[in-house]
Amino acid sequence: MAATLLGVIPGVVTAAIVLFAGWTIAQVGRAITTGTTRSFGLDTISERMGIDEVLDGNALSTTLGAVAHFLVMLTTIVTALRTLNIASVTGVVDGALTFVTPIVPSALLSVAALAGAFLIGRVIARMMTAFLR
C-alpha cells in the first residue's frame, strides 16, 4: 500500500508542475492577446460596430484573451492528465482531444465569418437608414 502510494507521488507532483506552468503561460498569453488587440484599437472598432453589445458589454480584446487562455489551459490539462499515466483517463482525454482539435480552426473561421456578416449587416442597415430618411 505504501509502495503504491509512493509510486504515485512523482506523477502527481509532475502533473501539478505542468498545471502551474501551463496556468502561468495561459495568464501571460491572455495578457499579451488582450494588450495587443487593445493596442491595435480593436476595442474602439468593435464598440463602434456594436460587437460589444453582442458580447454582453465585454470588450472584444478581453474575449479574445479569454479564448487564448482557454486553449492553452485545455492543452495543459490534457498534458497534466497524461503525466498521471492512468489508462482509463488518458484514453478518454486523448479521444476528446482528437475530436476537439480539428474543430477549433473551423470554429474560429465560423466566428470570423459571422463577425464579417454582422459587420456587413450593420453597414447595410446604416446605409438604408440614411437613405430612407
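Which residues is Thr34 in contact with, leaving aside its neighbours within four places in sequence? Contact here means heavy atoms within 4.5 Å, and on that basis Thr34 meets Ser61, Thr62 and Gly65.

Before going on, a bit of bookkeeping. This is a predicted model, where local features need pLDDT of at least 70, side-chain atom pairs count only at pLDDT 80 or more, and totals for chains, interfaces and linings use all residues. Residues are numbered from 1 along each chain as its sequence is written, and side-chain values use heavy atoms, with hydrogens and water left out.

Now the overall picture. The protein has 6 helices and 0 strands, reading α-α-α-α-α-α along the sequence. With a radius of gyration of 21 Å, well over the 14 Å that the globule rule gives for 133 residues, the protein is more spread out than a compact globule. (That radius is taken over C-alpha atoms, and the rule is 2.2 Å times the number of residues to the power 0.38.) The C-alpha trace spans about 80 × 30 × 20 Å along its principal axes. Helices are DSSP runs of H or I with at least four residues, strands are E runs of at least two, and both are numbered from the N terminus.

Back to Thr34, which sits in helix α1 (residues 2–39). Arg30 is found in helix α1 too. Here is how the two compare on accessibility, where buried means under 20% relative accessible area, exposed over 50%, and partly exposed in between (1.4 Å probe, protein chains only).

| Residue | Relative accessible area | Class |
|---|---|---|
| Thr34 | 13% | buried |
| Arg30 | 34% | partly exposed |

Not counting residues up to four places away in sequence, Arg30 touches Gly65, Ala66 and His69. As for Ser61, it lies 31 residues from Arg30 in sequence and 9.4 Å away in space, C-alpha to C-alpha. Across the protein, residues 24 or more positions apart account for 68% of the contacts with a separation of 6 or more.

Then there's the largest pocket. Its lining counts 24 residues, with Leu60, Leu64, Val111, Ala112 and Ala115 nearest the centre. The elements giving two or more residues to that lining are α2 (42–49), α3 (51–54), α4 (60–83) and α6 (103–132), and α6 supplies the largest share, 9 residues. A pocket is an open set of points on a 1 Å grid over the protein atoms alone, where a 1.4 Å probe fits, with protein on both sides within 12 Å along at least five of seven lines; lining residues have an atom within 4 Å of a point.
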